[in-house]
Amino acid sequence: AEVLFLDRFLSEHNVRVVPDAGAHYPAYAMATGKALLAGLDNEQIWAMYGQGTLERLTPTTLSTVDKLIAQLDVIRTGGFAYDIEEHALGSCAIGLPIGIFGTTQLAVSVVIPTERYQEQKVIIENALRLSANDFAQRIDK
């Protein structure tokens, strides 16, 4: 139900978004969290979040489990996970699942200020796809 950021690499840009390593966030409001949740089936999602509404951290946070499942279905078919100012205003992220290492499901994301999101989206998606594939091959060994 929550995402724990284990590590981060900081941008060289003067204006940047810095996730708190060691901080916990609701998975449904984060690109990384959605990438991880996509590894669960819909029954597990319903069991985790129930039939009610989801707590909104910003005006753009997903508000229902149905909306979350719709996004997870896209991720499950190879799509990207997105956080468009859902956990914090001024911050966007794009993520992908990597796979399972031992018993731990892993994902990767790039967090970026909203002001650069549209301009950098395709570049980030291409880099994430390459990185996620590389990471997945490394954990399979």
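Helix α2 passes helix α3 in a right-handed crossing, that is, with the near helix turned clockwise from the far one by less than a right angle. This is a predicted model, in which local features need pLDDT of at least 70 and side-chain atom pairs pLDDT 80 or more, while totals for chains, interfaces and linings use all residues. Residues are numbered from 1 along each chain as its sequence is written, and side-chain values use heavy atoms, without hydrogens and water.

α2 covers residues 42–49 and α3 residues 65–76; helices are DSSP runs of H or I with at least four residues, strands are E runs of at least two, and both are numbered from the N terminus. The two axes come within 11 Å and cross at roughly 145 degrees. Axes are lines fitted to C-alpha atoms over the stretch in contact, with angles from 0 to 180 degrees between N-to-C directions.

On the α2 side, the contact (heavy atoms within 4.5 Å) is made by Asn42, Ile45, Trp46 and Tyr49. Among the α3 residues are Leu68, Ile69 and Leu72.

How many does the structure hold? Two, where ring centres of Phe, Tyr or Trp (six-membered ring) lie within 6.5 Å, and planes under 30 degrees apart are stacked, over 60 edge-to-face, the rest tilted.

Tyr28 and Tyr49 have ring centres 5.4 Å apart and planes at 90 degrees, so they pair edge-to-face. Tyr28 sits in the loop between β2 (24–26) and α1 (31–37) and Tyr49 in α2, so the pair ties together parts 21 residues apart in sequence. Both Tyr28 and Tyr49 are buried, meaning under 20% relative accessible area with a 1.4 Å probe and protein chains only; over 50% is exposed, in between partly exposed.

Phe80 and Tyr82 are tilted, because their planes stand at 50 degrees, with centres 6.4 Å apart. Phe80 is buried at 12%; Tyr82, at 24%, is partly exposed.
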